[in-house]
Amino acid sequence: MRRFTRLFTEVDRTTRTSEKTAALRRYFEEAPPEDAVWALRVLTGQKLIRAVPYPRLKAWAAEAAGLEPWLFGECYGAVGDLSETLALVLPPAEAGGDERLHEVVERRILPLAQMTEAEQKVAVGEAWRRFETAERFVFHKLISGNFRFGAAKKVVVNALALAAPGGVEPAVMQHRLGGRSIEPTAEAFAALLAGTEDDVARPYPFYLASSLESDPAALGNPGVWRAEWKWDGIRAQLIRRGGETLLWSRGDELITPAFPELRAAGDGLPPGTVVDGEVLAYENDAPLPFALLQRRLNRKRMEAMLFVDVPVVFMAYDLLEFGGEDVRGRTTDERRGLLESVLAQVDDAALRRSPRLGFGSWEELAQRRGESRERGVEGVMLKRRDSPYRAGRTRGAWWKWKVEPYTVDCVMVYAQRGSGRRSSLFTDYTFAVWDGVPGESELVPVAKAYSGLTDAEFGKVDHFIKRHTVGKKGSFRQVEPKLVFELAFEGINVSKRHKSGVALRFPRMHRWRTDKTPAEADTLESLQALLRLSLRGGAAEGGGA
């Protein structure tokens, strides 16, 4: 446990990817495999069961520390992270010694799910008496069911690739890990490093495009590029191997059960085929809003009406495996030719080919891009004709040239402390618009955002919040509605969970409008008009709400 805690601390204290990678590699090389496999699971996003609700932990910790609930709340407000607050307020540890990570998980954490509340209190109290402050902090992160680590999954995979005997390419390790949950045993970890397991259902690492922020003319001769629409769906790989058809999302989730019609279409693919593409809600030869597609995910039961109300297609745009052979090393044009030959063998309208966009100049492509909003797409994709299919976000060969986002001017009404290096600052904000006449009606929250400002701007906003708080509840602060921010977002959906009735997709702070007063912020009516336009598939490109 101390070794894992030391890793957590080392990674959290640096912003250098090379230092994070080095710390992770040391851990995987030095930790016993029965510990390393559990570390790998949680570091790559495989959550442990959240068996103990935080309100119980807060009550038990306040009791152990002799704190009144209000005082614990003040401590939480000052620290900003509940796991850290719990660790700091508890009395010093009584017992010494260390425990192995796999013992902590298998003997202390997993059994909590089968205990009564009284038994949980005893078990958690025993762990508190055993662990030092830093170990308690990590323990709380593990049992929260929402473990967050200071390194991206890609960095963890790269470090694991370096730790493998003789070292392997990161893409090879990504492929070994893709679409599977590693069994928490020393044998499974050793097999992963050695590459001795063969899983016919495993997807390939996805190739991710970089954002094109400048004039595409900087890419040179347009004749060496292919263009197609940038679809707004769920990136996925459709796999036909070993008599099975599987659909894996980019997030390494098996989503086949949610889309039985795509599995049926995939049954027609030749054996040994892997197609890269997008799952889209689709009707009348046009994509439907992404919000409709989400209705098909994470459901315990699939109602038959959903298949009628939310029809879907798989829009294929690349071929990764052909006849059981990995063809990612071939050029874009070669893979496209193979894709077309494969799809010609499938007679199913649910499996479609992403059309190419013909263009003779960058100006002509810019005109095609201008059609994106009315077509229900996010922009255009550019792919070099001679490019192989790489792994991860490798710049230079794949670019996404998206249309300008929607924008709306909002008033900040609530704030919450950030996490990690921003845990001492208020950096997570709730924004609202006017539900009626600006400056005279009620402000209705429509979005939360925590990115888009510079460190200097976050510092200034934090200074304002601490001096203009009008109410407190736990880590939240109600703030005087005086600051206006322009939010950028990718789309707008109907929401039954929010009082406003709308939800913004991927909201982030575009700029701090110091030139505007709260009375100049936008209204809910303007967002509702945009929503109606969006649902009709005719939202205008760019511009404010």
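Tutor: We may begin with burial: a residue counts as buried when its relative accessible area is under 20%, and as exposed when that area is over 50%. The model is predicted. In helix α12 (residues 186-194), the buried residues are A188, F189, A191, L192 and L193.

Student: Why is M315 called buried?

Tutor: M315 lies in strand β7 (residues 312-322). Its relative accessibility is 2%, and the limit for burial is under 20%, so M315 counts as buried. Leaving out residues up to four places away in sequence, M315 touches W231, G277, E278, L280, Y282, R352, R353 and S354.

Student: How far apart are M315 and T17 in sequence and in space?

Tutor: They are separated by 298 residues in sequence and by 35 Å in space, from C-alpha to C-alpha.

Student: How do you know that S495 is buried?

Tutor: S495 has 10% relative accessibility; the cut-off is under 20%, and S495 therefore counts as buried. Its place is the loop between β18 (491-494) and β19 (502-505). Residues up to four places away in sequence not being counted, S495 touches G501, V502 and A503.

Student: What makes the pair S495 and H498 a polar contact?

Tutor: The two side chains meet at 2.6 Å. A polar contact requires N or O atoms within 3.5 Å, one able to donate a hydrogen and the other to accept it. The pair is accordingly listed as a polar contact between side chains.

Student: Why are N284 and D285 called exposed?

Tutor: Exposure requires a relative accessible area over 50%. N284 is at 71% relative accessibility and therefore counts as exposed. D285, with a relative accessible area of 59%, is exposed as well. N284 is found in the loop between β5 (273-283) and β6 (286-287), and D285 is also placed in the loop between β5 and β6.

Student: What makes α1 and α2 roughly antiparallel?

Tutor: Helix α1 (residues 2-12) and helix α2 (residues 17-30) pack at an angle of about 170°, and their axes are 9 Å apart. Angles over 145 degrees count as roughly antiparallel, so α1 is roughly antiparallel to α2. On the α1 side the contact is made by R3, F4, L7, E10 and V11, and on the α2 side by K20, A23, L24, R26, Y27 and E30. By class, the residues of this contact are six nonpolar, no polar and five charged.

Student: Which residues form the contact of α2 with α3?

Tutor: α2 and helix α3 (residues 33-43) pack at about 145°, with axes 8 Å apart. L24, Y27 and F28 of α2 make the contact with D35, A36, A39, L40 and L43 of α3. Seven of these residues are nonpolar, none is polar and one is charged.

Student: Why is α3 called roughly perpendicular to α7?

Tutor: α3 and α7 pack at an angle of about 65°, with their axes 7 Å apart. The range for roughly perpendicular is 65 to 115 degrees, so α3 is placed in that class relative to α7. E34, D35, W38 and A39 in α3 meet L101, H102, V105 and E106 in α7. This contact has four nonpolar, one polar and three charged residues.

Student: Which residues of α7 are buried, and against what do they pack?

Tutor: In α7 (residues 101-109), L101, H102, V104, V105, R108 and I109 are buried. The buried residues of α7 pack against α1, α2, α3, α8 (117-130) and α9 (133-143).

Student: What makes a set of residues a nonpolar core?

Tutor: Its members must be buried residues of the nonpolar kinds, joined through side-chain atoms within 4.5 Å. The largest such core has 65 residues, and F4, L24, F28, L43, L142 and F149 have the most contacts inside it. Apart from neighbours within four places in sequence, F28 is in contact with A36, L40, L43, V156, A159, L160, A163 and F189. A second, separate core of 31 residues includes Y406, M412, V461 and F464.

Key: Residues are numbered from 1 along each chain as its sequence is written. This is a predicted model: local features need pLDDT of at least 70, side-chain atom pairs count only at pLDDT 80 or more; totals for chains, interfaces and linings use all residues. Side-chain values use heavy atoms; hydrogens and water are left out. Buried means under 20% relative accessible area, exposed over 50%, partly exposed in between (1.4 Å probe, protein chains only). Contact means heavy atoms within 4.5 Å. Axes are lines fitted to C-alpha atoms, for helices over the stretch in contact, and angles run from 0 to 180 degrees between N-to-C directions. Helices (H or I, at least four residues) and strands (E, at least two) are DSSP runs, numbered from the N terminus. Angles under 35 degrees count as roughly parallel, over 145 as roughly antiparallel, 65 to 115 as roughly perpendicular and the rest as oblique. Ala, Val, Leu, Ile, Met, Phe, Trp, Tyr, Cys and Pro count as nonpolar, Asp, Glu, Lys and Arg as charged, and the others, Gly among them, as polar.
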